[in-house]
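Please have the sequence and the model open as you read.

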Amino acid sequence: MSHITLSLIGLILLWAVAARVGADPTVLPSPGAVWQLIVSETKSGELPQHMWATFRRVLFAFSLAMFFGLCIGLALGLSPRLNQWFGTWLVVLLNIPALVVIVLCYLWIGLNEVAAVTAVALNKTAMVAVSIREGVHALDPKLTEMARAFRMSRLAELRHVILPQLWPFIASSMRNGLAIIWKIVLVVEFLGRSDGVGFQIHLYFQLFETGYVLAYALSFVVVMLVIEYGIIGTLERRAVRWRATT
């Protein structure tokens, strides 16, 4: 049994003990009670519907943030002049609270899907760009010189020299992105959407239903864990195989 599985089992056992000691299911229901709520909400179709709404927003915002963050980070990292002029913009974006960006997008664009996805993507793009820019600064100059000595095209150099070295920074951005984006999506849904996990959490918060709040939140945490260890982890292992042969 893997360490991850044992760690999760230990966390659930700790939760069960805390629920038993507290003896107040309105404050902290047991894992079994939350599981029953997950099953009942799944059978009713409510949980899959709201999970898909949140996952769709996470997917769109994550894709936009990674694409634009990667492009901006590469441009600023490869061009000192661009970094000198626009590096401060990234610092400004990094220091604007996510809540402010969400509210402004809703005010400027409206209470719709475009505003929701834009707000989430803007909050993450700057973080991705900074990480990629620092990764470009850490590139091995010898490999760059080798690429130029063999007269590789810029596209070939990007594909075979730059991106393989940047993968640890890209993977880190993807991990942090998933962890942060889905939380911001919940805030977006909490404030201005009519479906999604965040909307349901808002609903059951008003009803003081702790069990339902945990059921929806933990269900999406499980989805994120599957993506983290099942997809991103696999991509990372394949992308860094070249290091084992050097």
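## Where α5 meets α8

Ala-98, Leu-99, Ile-102 and Tyr-106 of α5 touch Ile-184, Val-187, Val-188, Leu-191 and Gly-192 of α8, a contact being heavy atoms within 4.5 Å. By class, this contact holds eight nonpolar residues, one polar and no charged. Here Ala, Val, Leu, Ile, Met, Phe, Trp, Tyr, Cys and Pro count as nonpolar, Asp, Glu, Lys and Arg as charged, and the others, Gly among them, as polar.

Helix α5 covers residues 98–109 and helix α8 residues 154–192; their axes come within 11 Å and cross at roughly 45°. That makes α5 oblique to α8: angles under 35 degrees count as roughly parallel, over 145 as roughly antiparallel, 65 to 115 as roughly perpendicular and the rest as oblique. Axes are lines fitted to C-alpha atoms, for helices over the stretch in contact, and angles run from 0 to 180 degrees between N-to-C directions.

## The model and its overall make-up

This is a predicted model, in which local features need pLDDT of at least 70 and side-chain atom pairs count only at pLDDT 80 or more, while totals for chains, interfaces and linings use all residues. Residues are numbered from 1 along each chain as its sequence is written, and side-chain values use heavy atoms, leaving out hydrogens and water.

The protein has 11 helices and zero strands, these being DSSP runs numbered from the N terminus (helices: H or I, at least four residues; strands: E, at least two). Its C-alpha trace spans about 70 × 50 × 30 Å along the principal axes.

## Helix α4 and its kink

What is centred on Phe-86 in α4? There is a kink of about 45° at that residue, the bend being the angle between axes fitted to the seven residues ending there and the seven starting there. The end C-alpha atoms of α4 are 22 Å apart, which agrees with the 22 Å that its 16 residues should span at 1.5 Å a residue (1.5 Å times one less than the number of residues).

## The partners of α4

Helix α3 (residues 46–78) packs on α4 at an angle of about 130°, with axes 7 Å apart. The two are therefore oblique to each other. Ile-72, Ala-75, Leu-76 and Leu-78 of α3 meet Pro-80, Leu-82, Asn-83, Phe-86 and Leu-90 of α4.

Helix α4 (residues 80–95) also packs against helix α6 (residues 113–137), at about 140° and with axes 9 Å apart. Their crossing is left-handed. From α4, the contact residues include Asn-83 and Leu-90, and from α6 they include Met-127 and Arg-133. Seven nonpolar, three polar and one charged residue make up this contact of α4 with α6.

Methods:
Left-handed = near helix turned anticlockwise from the far one by under 90°.
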